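Work through the exercises below with the model open. Try each task before reading its solution.

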Amino acid sequence: MNRITKFVVINIIRNRIVLIYTILLALLSWSVFSLEDNSSKGMLTLLNVILLNVPLVSIMFSTIYIYNSSEFIELLLSQPIQRWRIWLSLFSGLAISLTIAFLVGAGIPILVYSPDKLGFMMVSVGILVSVVFVAISMFASILTRDKAKGIGISIMTWLFFALLFDGIILFLMFQFSDYPIEKLMVGVTAFNPIDLSRILILLHLDVSAMMGYTGAIFKDFFGTDLGLILTFLLLILWIAIPFWISLIKFNRKDL
Amino acid sequence: MRLISIFFLSLAFPLLLISRTISVGESKLFSKLQLAFDAANDGDSIIVFGGFYVEGNLILKKSVHLIGKNLPVVDGQKKYEILSVKANHVIIEGFRFQNSGFSSMTDPGAIKVYNSKFVTVRNNVLDDNFFGVYLQYCKNCVIENNTIKAYGIEEQQIGNGIHCWKSDSLYISGNTISGHRDGIYFEFVTNSLIEKNNSDSNIRYGLHFMFSNNDDYIENTFRNNGAGVAVMFTKHVKMINNIFEENWGDAAYGLLLKDISDSFITGNSFNNNTSGIYMEGVNRAIVENNSFASNGWGMKIQANCMDNTITSNNFINNTFDISTNGTLVLNTFSGNYWDKYEGYDLNRDNIGDVPYHPLSIFSVIVENNPPAMLLFRSFMVTLLDRSEKMIPSITPDNFVDNSPLMHSLSL
């Protein structure tokens, strides 16, 4: 592992917030599974956690961490290290620590109680969502120097993807309900990483309902191997593009 | 008195004596089935020994007991109806009928019974026929323990496994039917019992019921049929202890009920169907002690259903328990177990103290706007559902179970 990455990871672990996040996830997951009589109901609760809390924690923690380590970044910049290497190390440090937190906190109970396709899907989606929101936070925090503004952008981004986006889609669906918009809807979901993750899991969780008419259209796309690979690729694009843009900005930024 | 009965018995005795046993087979008296049929008298037994019989369309006009030994094969060469029965009191058992002809005009079947009474078809194997067993204008017939298999691909290209038309008092039991258009087809059939059959992987319906009153079907299994089971335009049907499973597709239902009245649906289990029960124009049905598990929709009750009682059922792990297409509610829900119920039970009588509204707002939204399914389980939708549960605005507030159970029933 890169030395800067290692330093970031150790620093985050010392910070204890991620540790608390791990413990909270673990408490929640274990209790959810042991309280519900069938594991699929527990999975439902955890799905909400993955789609709501994991992105929130990832984006908030990362944004604040980046702002707080601005002096550390400046110090590193005075060293003979390439700029992209510093930014990438910061990103991978954050991504690694949050992924480990998710794996230990929620991944283990999920795989213990549901060691099937659904469980693996859930864990991989959780990891991807964590990393996507780290990437988005890198983008948000490079946009402005003002810490309050940066955190504001992060919160708004999270709110948009978690709540507003679906509201807008629902509104549009009603406005255009006379038109054949099913296929368009599949395309629109690509613009929201949370929706992409949700649908991936939905196809496993509500397989019977998804065999209905419109469900079948979605299943024809997301349920096939090609669709699955495509969805994962889209999620990876959601990591690559925000990070790449932030990297360009970081390279040119006058700190 | 005794003398008189002895007198009558002695009159009957010669009849018993004349009844013969005719053997058909290689190096037997007859080598052709049709010759044996023509030579037989009413009351004879015809024993057919294993072999391969290709004789076009066989016509049986005598009341005989037809016994196949070592599963003789009767082949229709894909051209002929194999066996036409035109006599009462016929028993057919132990044969393998295969490759009947195909025609939409004459509907050839492997065994077709015309206008007869007391015909029994049992323990036969029917393979790759257009229709399997076809009864028309029959009474008191028995079809049991047959294995009926076809390899249909398109609805128009294949007939039904067991097809009954304008008949009465039939007993259909223990058959295994697959690959036909409809597994069992009833039209204008009354006072009949269908039990312990296994109908799976048929192209259209596992069981198709039209204009057939006063029939019961009990302990059958219907699995993975194109569109599940359909019961239409019928009254006084009892559906008891059947299993409806894995009927997947937009127009596929575990059980489709259309214009049914006074029916009794009890002890059935509906698992992994897109829709467990779909009800349209159903009146006075009693739905009780059924289990709905892991379906997309547990029950779809259209607003034109009236006076139905849905009581003591388990709704477990369905995506939607109930959906409807209107605001009119003329049905009664009581004492069901809903796994989505979140109320409490202070007096510990196993009945929840808060009424349960089984209709979620999102099921109404999806009913009106199917693509909205894409948003299911998103935070937005969960919020909508929650607020609707608190203060029903779009969903009818009389769509309610006032005595929801706290624990599932053991069914």
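**Exercise 1. Describe chain B as a whole.**

Solution. Start with secondary structure. Chain B holds four helices and 39 strands; helices (H or I, at least four residues) and strands (E, at least two) are DSSP runs, numbered from the N terminus. The model is predicted: local features need pLDDT of at least 70, side-chain atom pairs count only at pLDDT 80 or more, and totals for chains, interfaces and linings use all residues. Residues are numbered from 1 along each chain as its sequence is written, while chains are lettered from A and ligands numbered from 1 in the order in which they are written.

Next, extent. Along the principal axes, the C-alpha atoms of chain B fill a box of roughly 85 × 60 × 30 Å.

Then burial. Of the 411 residues in chain B, 46% are buried. A residue is buried if 20 or more other C-beta atoms, placed from the backbone, lie within 10 Å of its own, exposed if 12 or fewer, and partly exposed in between.

**Exercise 2. How many residues does each chain give to the contact between A and B?**

Solution. Chain A gives 33 residues and chain B gives 26. On the side of chain A, the elements that each supply at least two residues include α3 (39-68) and α8 (182-189). α7(A) gives the most, with eight residues. The side of chain A comprises 18 nonpolar, 10 polar and five charged residues.

**Exercise 3. Which residues have the most contacts inside the largest nonpolar core?**

Solution. They are Val132(A), Ala135(A) and Ile111(B), in a core of 177 residues. Such a core is a set of buried Ala, Val, Leu, Ile, Met, Phe, Trp, Tyr and Cys residues joined through C-beta atoms within 7 Å. Helix α6 (residues 117-143) of chain A provides the largest share, 14 residues. Both domain 1 and domain 2 of chain B give residues to this core, so it lies between them.

Key: Two residues are in contact if their C-beta atoms, placed from the backbone, lie within 7 Å. Ala, Val, Leu, Ile, Met, Phe, Trp, Tyr, Cys and Pro count as nonpolar, Asp, Glu, Lys and Arg as charged, and the others, Gly among them, as polar. Domain bounds come from an automatic or database domain assignment.
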